[in-house]
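Let's walk through a structure together, one feature at a time.

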Amino acid sequence: MSITYKDAKIISNEEIATGIFKMSVEDTNEINAGQFYMLKHKGQTLLPRPISICEKNDDKLTFLYAVVGTGTKEYVDLKEGDTISLTGPLGNGFDLNKEYGKVALVGGGIGIAPLLELSKQLRSKNRDEKIDLYAGFRDEIYLVDDFEEYVNDIKISTNSGKHGHKGFVTEILNVEEYDTVLCCGPEVMMKAVVEMCKEKNVKVYVSMEKHMACGVGACLVCTCKTKDGNKRTCKDGPVFDGYYVEL
């Protein structure tokens with residue numbers, strides 16, 4: 001799978017919740033669920049931003065991004081026909097050659113994004129296996145409807161109690177019901193999930209989110225701690241065995 005550097009044409013760019021945008025671009029690359037791209041608009045921001053792949057349909061590549069800083073604010077005004085610079089696909093993604101058995105997908109906030117393509121690829125491989133989604137948000141929910149055709153059940157929590165369970169998503173997750181947990185979201189959430197899985201001897205894989213400068217392993221900005229010392233999230237990850245990475 002080769003890495004490309006190019007300007008991609010915008011297909012759509014819409015706000016789906018307050019400060020949360022779904023952007024689709026033209027791209028012909030083959031991807032693995034859990035990989036990411038470095039995105040840069042031709043604005044004032046010097047460095048590109050790492051954005052996880054949300055979904056890939058034929059030559060349409062979709063990202064989900066939260067407007068949290070100068071770089072992502074520059075994406076907001078992009079419209080159909082505009083271009084954005086892409087570098088990718090990058091990272092290892094989730095290993096779909098593994099036998100995961102019954103799976104719980106656990107996402108927190110914008111961390112739900114890479115789980116959509118993952119759910120699709122898991123369902124394509126294991127048509128009869130149990131796959132459930134656990135999604136936690138602060139207040140507004142988004143993207144969960146897109147999972148319906150790929151998962152057996154969707155369980156939602158919000159900190160405000162506006163939707164689903166009031167509280168943390170870990171409060172409604174019974175890891176012992178699954179063979180494997182695949183997780184992406186805030187580090188504090190993933191740490192809690194990993195500890196729950198260790199206690200019940202359940203396999204767990206986490207997709208790490210770190211600040212990045214290059215995305216290809218050269219700058220060492222995105223290092224994370226593991227049992228073998230520091231590893232590069234962009235090159236060695238972003239997906240790690242939860243028993244191996246130190247959260």
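**Reading the model**

Q: Where does Arg49 lie?
A: Helices (H or I, at least four residues) and strands (E, at least two) are DSSP runs, numbered from the N terminus. Arg49 lies in strand β4, which covers residues 49–57, and Ser52 is found in strand β4 too. This is a predicted model, where local features need pLDDT of at least 70, side-chain atom pairs count only at pLDDT 80 or more, and totals for chains, interfaces and linings use all residues. Residues are numbered from 1 along each chain as its sequence is written, and side-chain values use heavy atoms, with hydrogens and water left out.

Q: Which residues does UniProt list for "binding site"?
A: The unreviewed UniProt entry lists Arg49, Pro50, Ile51, Ser52, Gly71 and Thr72. Such annotations may be inferred rather than shown by experiment; positions follow the numbering used here, and feature names are shortened.

Q: Which residues is Arg49 in contact with, leaving aside its neighbours within four places in sequence?
A: Contact means heavy atoms within 4.5 Å. With those neighbours left aside, Arg49 is in contact with Tyr37, Met38, Leu39, Gly71 and Tyr75.

Q: How many disulfides does the structure hold?
A: A disulfide is a pair of cysteine sulfur atoms within 2.5 Å. The structure holds zero. For Cys183, the nearest cysteine sulfur, that of Cys184, is 7.2 Å away.
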